[in-house]
Amino acid sequence: MPGTDSLRRTEEAAAFQQALTQALASPEIKEALRRAPDAPRPEHLRLLAHRERAALCATASAEYATYARLRAEADTPAPGTTPADSPTATASGGLLPALAVLVPSLGAIAAVLFLAIGFGMRLVGAHRQFADELVYAGWLAAAIAAAAIAAGLVWLLTAAARNRTTPPADDATAPATGATAPGSEIAQARAAWHLTLLERGILPFLLTRIQEGEAVRPTNRPGYSAPQYGSPGYGRHEYASPGYGSPEYTGHAGER
């Protein structure tokens with residue numbers, strides 16, 4: 001069906017954004033972030049999740065297929081049924097009530113006009129033959145209006161009797177027959193798809209990223225240790241002060 005891929009991408013993008021927001025606000029993610037101070041920030045986690053959106057949405061592909069199938073079945077009319085917006089349904093459902101209202105009203109208006117004009121022309125004695133024709137047309141319009149009113153009353157009484165004889169649907173019999181409204185099935189399938197996307201895809205992904213950020217945290221800061229001035233090697237003879245009391249030094253001093 002044309003537009004199926006674009007519709008799926010649009011629905012997946014909306015569902016992914018909703019599930020990601022719900023996951024970042026979940027107690028599991030907040031607790032994991034609290035225990036790992038050096039973990040990525042929520043904004044960075046959101047960016048990482050968007051980069052892997054296709055793979056994360058694939059974790060709930062089976063649930064989305066079920067949801068799409070139920071929605072397509074609901075959109076497809078059953079064989080032998082007439083869609084509600086078809087011309088036949090419009091003609092049968094909207095034309096008859098409209099005629100039942102218009103015909104009596106128009107017939108009554110025409111009868112009043114024709115009779116008024118015809119009797120008026122008879123009173124003044126102008127165009128006697130034309131006046132008689134108008135009076136005849138007025139009585140004919142009145143008869144048509146009366147017949148339409150009678151037909152409308154009969155139709156209303158028949159519809160009321162049919163409604164009284166039709167037993168109302170009992171809610172207690174619905175579970176016994178196993179019938180479920182298509183809209184509720186579609187809503188349940190959509191909720192199952194969102195829940196699977198959240199629990200099987202996004203939440204494990206975010207927890208893994210948080211744990212990886214905590215694992216690579218350095219244990220100590222890099223640097224250089226201070227020189228061991230008190231170590232035994234520092235006091236070696238090449239770093240010691242000159243021996244002024246040594247024989248060599250006194251010998252040089254005696255020669256002066």
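Trainee: Which residues do ring pairs link into a cluster here?
Mentor: Y64, Y67 and W193 are linked that way. Keep in mind that this is a predicted model.

Trainee: How many aromatic pairs does a search of the whole structure find?
Mentor: Three. Take Y67 and W193: their ring centres sit 5.7 Å apart with the planes at 15 degrees, so this pair is stacked.

Trainee: Is Y67 buried or exposed? And why?
Mentor: Y67 is buried, because its relative accessible area is 6% and the cut-off for buried is under 20%. W193 is buried too, at 3%.

Trainee: OK, helix 9 then. What's T196 doing in there?
Mentor: T196 sits in helix 9, which covers residues 182-215. With a relative accessibility of 13%, T196 counts as buried. Its side chain reaches the backbone oxygen of A192 at 2.8 Å.

Trainee: Which residues is T196 in contact with, leaving aside neighbours within four places in sequence?
Mentor: T59, A60, E63 and G201.

Trainee: Switching topic: how many residues are in the largest nonpolar core?
Mentor: It has 29 residues. F16, L20, A49, L197, I202, L206 and I210 have the most contacts inside that core.

Trainee: Which helices supply at least two residues each?
Mentor: Helix 1, helix 2, helix 3, helix 4, helix 5 and helix 9. Helix 9 gives the most, with 10 residues.

Trainee: Why would nonpolar side chains be buried together?
Mentor: I can give you the general pattern: in soluble globular proteins, they tend to be buried together.

Trainee: Back to I210, what does it touch?
Mentor: Not counting residues up to four places away in sequence, I210 touches I29, A32, L33, A36, A39, P40 and L45.

Trainee: And helix 1, how many residues does it have?
Mentor: Helix 1 has 21 residues. From first C-alpha to last it reaches 30 Å, close to the 30 Å expected at 1.5 Å a residue.

Trainee: Which residues in helix 1 are buried?
Mentor: E11, E12, A15, F16, A19, L20, A23 and L24 are.

Trainee: Nice. What about S105, where does it lie?
Mentor: S105 is in helix 6, residues 87-124. At 32% relative accessibility, S105 counts as partly exposed. S105 and I149 are 44 residues apart in sequence, while their C-alpha atoms are 9.1 Å apart in space.

Trainee: Zooming out, how many helices and strands are there in the protein?
Mentor: There are 10 helices and zero strands.

Trainee: And what share of the residues is buried?
Mentor: Buried residues make up 21% of the 256 in the protein. The accessible surface comes to about 18,700 Å², and 62% of that belongs to carbon and sulfur atoms.

Trainee: Last one: how much of the contacts with a separation of 6 or more comes from residues 24 or more positions apart?
Mentor: Those account for 74%.

Technical notes
Residues numbered from 1 in each chain as written. Predicted model: local features only at pLDDT ≥ 70, side-chain atom pairs only at ≥ 80, totals over all residues. Heavy atoms only, no water. Helix = DSSP H or I, 4+ residues; strand = E, 2+ residues; numbered from the N terminus. Buried < 20%, exposed > 50% of the residue type's maximum accessible area, 1.4 Å probe, protein only. Polar contact = N/O pair within 3.5 Å; in protein donor to acceptor, adjacent residues only side chain to side chain. Contact = heavy atoms within 4.5 Å. Core = buried A, V, L, I, M, F, W, Y, C linked by side-chain atoms within 4.5 Å. Expected span 1.5 Å × (residues − 1). Phe/Tyr/Trp six-rings, centres within 6.5 Å; stacked < 30°, edge-to-face > 60°. Areas by Shrake-Rupley, 256 points an atom, 1.4 Å probe, with all protein chains shown as cover.
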